[in-house]
Structure formats: structure tokens, C-alpha cells
Amino acid sequence: MAKSPSFTCTACAASYTKWSGRCENCGEWNSIVEEKPLTAGPSSKSLGKARGRTIELTDLSTKETPPERTLAGVDELDRVLGGGLVQASAILVGGDPGIGKSTLLLQAAARFARNGLKVIYVSGEEAAAQVRMRADRLGLTESPVKLAAETNLRDILTTLDAERPDLAIIDSIQTMWADHVEAAPGSVSQVRTAAHELTTFAKQRGIAVVMVGHVTKDGQIAGPRVVEHMVDTVLYFEGERGHQFRILRAVKNRFGPADEIGVFEMTGKGLAEVKNPSALFLSERGNPAPGSVVFAGIEGTRPVLCEFQALVAPSPHSQARRTVVGWDGGRLAMILAVLESRCGIPFTGLDVYLNVAGGLRIGEPAADLAVAAALLSAREDATLPAECVLFGEISLSGALRPAVQTENRLKEAQKLGFTSAIAPTSAKPVALSGIAVRQFDDLTGFVSDVFGAR
């Protein structure tokens, strides 16, 4: 009996039994296409009938051999990779169009090639001559990197199998197509098949494979989400077009810490690594102004200081605006509610604007206290001391919860010349010479002491 056809949304990978003009899951129009299922392998190769494919857990060695790594020589890149490139690993790099993914990977390919690795750069979007033009602009023409311009997955795998490089870069996974799958390049089935074949090839041949992935308007890598589960490492290349800063963030890493970041600066000769991100993000900070607060945060394993900017103004509309850039809008609504409910400070009828300077995106809850201080500073037109940093999480009860790695945050602040800090009361005593720490148990005490009783 013939199997009934299946249909898949190319935007969100939702499955349907029949075609529809609009996806009920994501709301996109004309995104549902018929998908031919992949052929199953012969039954004699199944796990239950195969011999020698399983081993006893007790036979495994108790000693774990660390994975073999190769350093690129770029500290920011090596940090995000968890200490270098791991042999036989599959890495997925995503980012907005024009953000600099191809530039970053071409520079990385040149670095690894100079360090002794055999590297092949496969472009599915540009001709080899165009890649050479970019390499010439970046000053990389002397690097021993092999180039190829191809989109046929079978030809790519055949070439890689014959060349046996140490590192292969595929730019991009959405342009690859497998001739045994009846679907257009970039479709869900093609992306899934290409990612699976390349990941399997990397494991079997011991070759590190880096795949570039385009992102959707929501910031997610286009194609099925299962691709992120197949690979070992998922990196996002972030940045605002109006800023020269670029941030490479690890959201998944089987060989190192997740949420690690590397900071780069876009220059005329490509991407340059930033040794001290805190100094860079605070470099444009002028004289202290109402609504300006410095937050001592932690990104991955490194402390990073950045500036929160708030503006509170009377609203000419019946419904006040809440605009956030670089932080969670829902978290801002919670902070405003706690300030009004627990501290008696209303923001009704006031427009609130919040921005993280430098194009950085902050996600940790320890930024709550810095946001509350910025909002109060802007509302009361009161300036906080320029040499003071803040951090701490705010609960719905108004209590301040201690943040992790308090000592590392204070050390980073002290290194940049800050002399005081405001933080929640911690169970462990905080003693650091050169910086005075003021600790509070709840938000009410903080507001009364810093901004006066309300």
C-alpha cells in the first residue's frame, strides 16, 4: 500500500497530512510543500539484527581522553570553540545576512591553514574568483587554503573524501542540494539531508566540518530545528549594523561551555579581535547623565561590563510606550510592576525606553538591579556616581537575590577603575581591596538609600 504524502512548512518545519495555503503553526503563507520521505535502509542493517554494534557499558575505560584540539591563534575564536577546533566535529554558524559570517570563516580558515591544517573552503553562494577577491582585500592570499564553488552534495563529499582535509567550511548549508531528494535547495528536506550527510561524513572521516546557516526574521537558523541537534556546536554571529562590534556566541557546545562569547570589531581589513570587551563597550560613555548605569555582567565564563541607558518621559498617548533594545521586554514589564507594587513608584502615563549601549544583548537576570536603577535615575533626573557598578536579580516580592561569580564581576570593575559597587546581600562575605561594596536585602532599601525615601 502506497504511503500517503506528507507536507512540511519550510519556515517552521511543521508537518501536515495535506496541503494548505497558510501554516497554522507559524502563520506563514505559501510555505507548505510536499516532501518525499527518505528511503529506509535494508532491514538486515537494523540495530536489532546487526552484530558487533553494541558494547557493554562496563567495558568502557574509566579514563576519558580529552579531544584533540587545534588553536586558531585568535583568542576570541578559540575561547568560543571551548579551547580550539576539535577533530571530527560538526559546527553550525548562523547570523544575519551581511553580518560578516563569510569574512570571519575565511579569516579563520587562513589562520588554521597557517597553523598546519589542510583546509578547504566550499562556497555555494559565490564563485571562487569572488572568494579570492575577498581574500585579497583581507590580505589572506598567501594562506594555503583550497577553494571550491559547488552546490551538489555528492560532488562535495566525493572531493572531500579524495582530498581528506583537516577542516572543511561549507558556505552555506541552505545552498546545498542532494540529487536523491526531490525538493528544491533550501527546503526542509534538503537542509536536513545535507546537514546529516556532512555531520556523518565528519564523524566517519575525522574531518572537522563548519556549516554556515542563514537565519530567519526571528533570529533562528532557517530550516528544521533538528539540524541544531545533529551538530556538536552551534554558534551565532550577532551585531547591529549601526555598530562596528560583532559578537560570536556559543549557544551549544559539546566540547566546551555554552553561552561563551567572543568579541570582534569590523574594520576595513576584516574582523579584529577585541582583547578587552568591557573597555570597548564603555569607551563611548561620556559624562554621567540621568538614566545611565554600568552593569557588571557575566557572559559565559568572562565578566563583561556594559552600559544600560534609560529614558522616561511623559506620554502624549493614552497608552504609554515600552521600547527595549538589547534586553527582554517582558523582564522590563516585570521590573516596572515591582517598582510600582513594592516601592510605590508609578510609571503610569510615562513612556519608557531602555537600551544596552554598543549593540550588546544581555540575557542574565542579574541585570535587574541595573535596569531598575537606570529607570529610577531617568524618572527622578538623578545621576548615579560614574565610578559605580550594579548587579543583582530582583524577585517579585522585591527581594534582591545574589548573583553568581560576584568576585569576578568586582575584579573586572576594579580593573577598569571603578571604586564602588551596589549588589544584593550575599551569604558569602565580599571583601575586595580597592572597591567599596554596598549591599541591600530588598529593592525598597535600595531605593530609599540611593534615591531617597519615596
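In this predicted model, the charged end of R379 sits over the ring of F347, at 5.7 Å from the ring centre.

A search of the whole structure finds 6 aromatic pairs. Two of them are set out below.

| Aromatic pair | Geometry | Centre to centre | Angle between planes |
|---|---|---|---|
| F237 and F264 | edge-to-face | 6.4 Å | 70° |
| F446 and F451 | edge-to-face | 6.1 Å | 80° |

F237 belongs to strand β11 (residues 233-238) and F264 to strand β13 (residues 261-267), so their pairing ties together parts that are 27 residues apart in sequence. Both F237 and F264 are buried. F446 and F451 are buried as well. Elsewhere, F295, F308 and W327 form one aromatic cluster.

The remaining topic is a pair of helices. Two packed helices are described by the angle between their axes and by the distance between those axes. Helix α2 covers residues 101-114 and helix α3 covers residues 128-137; they pack at an angle of about 75°, and their axes are 11 Å apart. Angles of 65 to 115 degrees count as roughly perpendicular, and α2 and α3 are therefore roughly perpendicular to each other. On the α2 side the contact is made by S102, T103 and L106, and on the α3 side by V131, R134, A135 and R137. By type, the residues of this contact of α2 with α3 divide into 3 nonpolar, 2 polar and 2 charged.

Methods
Residues are numbered from 1 along each chain as its sequence is written. This is a predicted model: local features need pLDDT of at least 70, side-chain atom pairs count only at pLDDT 80 or more; totals for chains, interfaces and linings use all residues. Side-chain values use heavy atoms; hydrogens and water are left out. Axes are lines fitted to C-alpha atoms, for helices over the stretch in contact, and angles run from 0 to 180 degrees between N-to-C directions. Helices (H or I, at least four residues) and strands (E, at least two) are DSSP runs, numbered from the N terminus. Angles under 35 degrees count as roughly parallel, over 145 as roughly antiparallel, 65 to 115 as roughly perpendicular and the rest as oblique. Contact means heavy atoms within 4.5 Å. Ala, Val, Leu, Ile, Met, Phe, Trp, Tyr, Cys and Pro count as nonpolar, Asp, Glu, Lys and Arg as charged, and the others, Gly among them, as polar. Rings of Phe, Tyr and Trp (its six-membered ring) pair if their centres lie within 6.5 Å; planes under 30 degrees apart count as stacked, over 60 as edge-to-face and the rest as tilted. Buried means under 20% relative accessible area, exposed over 50%, partly exposed in between (1.4 Å probe, protein chains only). A charge sits over a ring if NZ of Lys or CZ of Arg is within 6 Å of the ring centre and within 35 degrees of the ring normal.
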